[in-house]
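Please consult the sequence and the structure shown below alongside the text.

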Amino acid sequence: MYRMNFYESTCLRCQQTVYQVDRVGPLKDFSFFHSGCFKCAACGTKLTLKTYLNSQLSQEDKEVYCSSHVPKSGPGHLDGHAVGIRSALNVPRSSPVVNEQIRGSGRAGTFDAEALNIRSHLSNGHSSPAAGHAHAEASTAVGGGASEFGRFDASALHIAHALRATELQKAYHKAREKPIDYYLDKDEQTRLEMKHRKEEDDLYRKFARQREEEDKRMKDEIREEWEKELEQLTSRFEREIRGRGRRTDERVLTLKMQQERDDLEKNMTLRRDKRKESLTRKLLEHERAATAALVEKQSREMLELINEKRSEYMMAESLYLDEPDGMLAESVPYPGTPPAACPPAVPKFQLYQDPIEFADIDQIAISVAQEDQKTFTDLVRQLVGRCGSDVEKARTIFRWITVKNLNTMTFDEDTRGDTPMGLLRGIKHGTESYHVLFKRLCSYAGLHCVVIKGYSKSAGYQPGVRFEDNRFRNSWNAVYVAGAWRFVQCNWGARHLVNAKEVPARAKSDALRYEYDDHYFLTDPREFIYEFFPLQQEWQLLKNPISLTDFEELPFVRSLFFRYGLYFPDRNTKAVMLTDSTGAATVRIAMPAHMQSTLIFHYNLKFFDSDGDTYDSVSLKRFVMQSVVGNIVAFRVHAPRSGTLLLDIFANAVTPREYLTGEPMKFKSVCKFRIACDELQTVMVPLPDCASGEWGPTKATRLFGLIPVTHQDALVFAGRELELQFRMSRPLSDFMATLHKNGVEEKKLGRYVAYAVAGDLVTFTVSFPEEGQYGLDVYTREGLSTEGEKHLLTHCCKYLINSSKRN
């Protein structure tokens, strides 16, 4: 097929030559438009490559239309728009926590958007020339140049339930298992624990002896060095005295020697402290390794005991109870030996969709955490005594650790191993950590658990940092539940964020709120890999493992990113985003349908190295344009100069009512990016000084029910006058608009903006005193509240307007 030369193209609308700097296209029929001509042929509304539509009646009609005026098929003719495929695709999922766009199914034979031939309807009826190549790379994980994090798949189209109908046999059955009391006597388990306690006592006594011996050896070395240095200083002083011979010189030399002696003593003290710190760190590393090895051995012995007794019990009678509906549960006994590491067959949301499902189990953990136990046997039996599945057992242990908040516990110096707090003496001495304790408790509950070592994007990490040393080494767990290995990160799951100032001093302990991060319990591998990289490849639990370089290049996301169901629609989204020749780079984040009406985003931009957030006394925030179109929020960054910037993106889920109260909103970081501008060929001026937040009318519709009639995009091209019109879907009492332009005082522009209300239509009329770029802020408020008070005027939306006689 003939393709016209892009550099010799003509505008379909005016038939004049289209130059590259002012060109829109090629469209799917390889037609081009001037940016000023790319308007609806019927109403003149400015269009974009995302919002334009072609006629459905005739393929010969190459004109472009807005959604309100596009010629559509008549009755009896079915096409993608007539059957409402787009609305069907946007039906909210049944689970508010699913993020299959990140997880991906990864199963052979699944269908995705390309296979169903509905990709075009996802993008308003048009596709890019490269769209046909996308399907060839479907169903691959990160790595090998075929990263699928964030691409659309069957789950993103909300048809996963139908497509998984053939895989029901893989789903997790919550088989009810008999409690441990039925097949293992408590005294027998306690006897093994006491044997282990004795081994642990011997190990800690060995630690104490080693510390004493090393401390004595170090002190002896320091004393020998001090005596040698002091002897040399004294000898030198005596030689100088004999050489001088006069009394006045002797007094001067004595003072000099005393000063040198004091300096030497300070130096020796610093040298001793530094050496002691190094020795303590070395001993602690050795002790942690020895403790982990002992826990590994003891956990294996405890599991062997439990499996032996459980097998004997199963020989006598069935271990599983009937399901509530009378159907016998699938008899899949818990494995006696740890299975090999392999990806789980089903995602986390098929195990549970909301943490509220564990409300009773969590309450048990919270109650047990209020008391002390003398043995691990007592502790674990209190935790798992009423648990009927391995998932519930792992859950209650996870919640006990996150509630106990071991990092803030205080221990008496004389804590002995046979006291209640002696259970946690490893935490006190620093030889045992969350993941080692979790493994130990899992063994007492009969669960296989491993400690995994690797790298993590933890505190202090910034996008693009290379893992070249031990700064970001970390450890976490994988526990075998629901027929598969699943990740648990107790340390990151423990989030005790309750504000102590808000809790009355006389408040009862059961009135306190225990906050934690559920994301780190049974986390899906495709989400976990964004933050954790194991040293052993098989413990990625991915069908297609990634390299360390791939891990470094993955976007730096936080758990909130997944809790909101966010994903990256662009496959080239990386931790370090490179700018083009104009200094621009765009980060795009997609929201699930059920979150579009509640999520609000914010951002912060600063220089990567200096943390400065201004350039020529102008806030760097004015070099970012945030906009929302459909389910995509975009952050377009224009670097003011060459160098590196840090873009931090925040989000919060709020209702319109919460927003209208005017109360401050707390945003939390969901992801960070490094914006690298190697060379800047275009000088970028800051955006007009408007209110912070997103540009465009989407916010007005989402929060105020104010529907744009004339301008749906954030960017508006206008002449010397502009008319913006909205339709109110609910009553709004007052309006206000302010105009902004760089270098011009806001007060001087106030008389150029006016508005009028006629019925449910609100019209803003703007006349521009001169050509240039303007920002228009729109404010409004609802009628009287239920208490008869007026709401405050609240920012509604804003537009970026380019005024020119040519428009």
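## Partners of strand 19

Strand 10 (residues 556-557) pairs with strand 19 in the antiparallel sense over two bridges. Phe556 has Lys672 of strand 19 as its bridge partner. The model is predicted, with local features requiring pLDDT of at least 70 and side-chain atom pairs counting only at pLDDT 80 or more, while totals for chains, interfaces and linings use all residues. Residues are numbered from 1 along each chain as its sequence is written, and side-chain values use heavy atoms, with hydrogens and water left out.

Strands are DSSP runs (E, at least two residues), numbered from the N terminus, and two of them pair if DSSP finds at least two bridges between them. Strand 18 (residues 643-653) runs antiparallel to strand 19 and is joined to it by nine bridges, with Lys668 of strand 19 as the bridge partner of Ala651.

## Burial of strand 19

Strand 19 spans residues 668-677 and is mostly covered, with nine of its ten residues buried (under 20% relative accessible area, 1.4 Å probe, protein chains only).

Three strands form an open sheet in the order 12-17-16, with antiparallel pairing. Its edges are strand 12 (584-590) and strand 16 (624-629), each of which pairs on one side only. Between strand 16 and strand 17 (residues 632-638), the antiparallel pairing extends over six bridges. Gln626 stands opposite Phe635 in strand 17.

Note on methods:
Helices (H or I, at least four residues) and strands (E, at least two) are DSSP runs, numbered from the N terminus. Buried means under 20% relative accessible area, exposed over 50%, partly exposed in between (1.4 Å probe, protein chains only).
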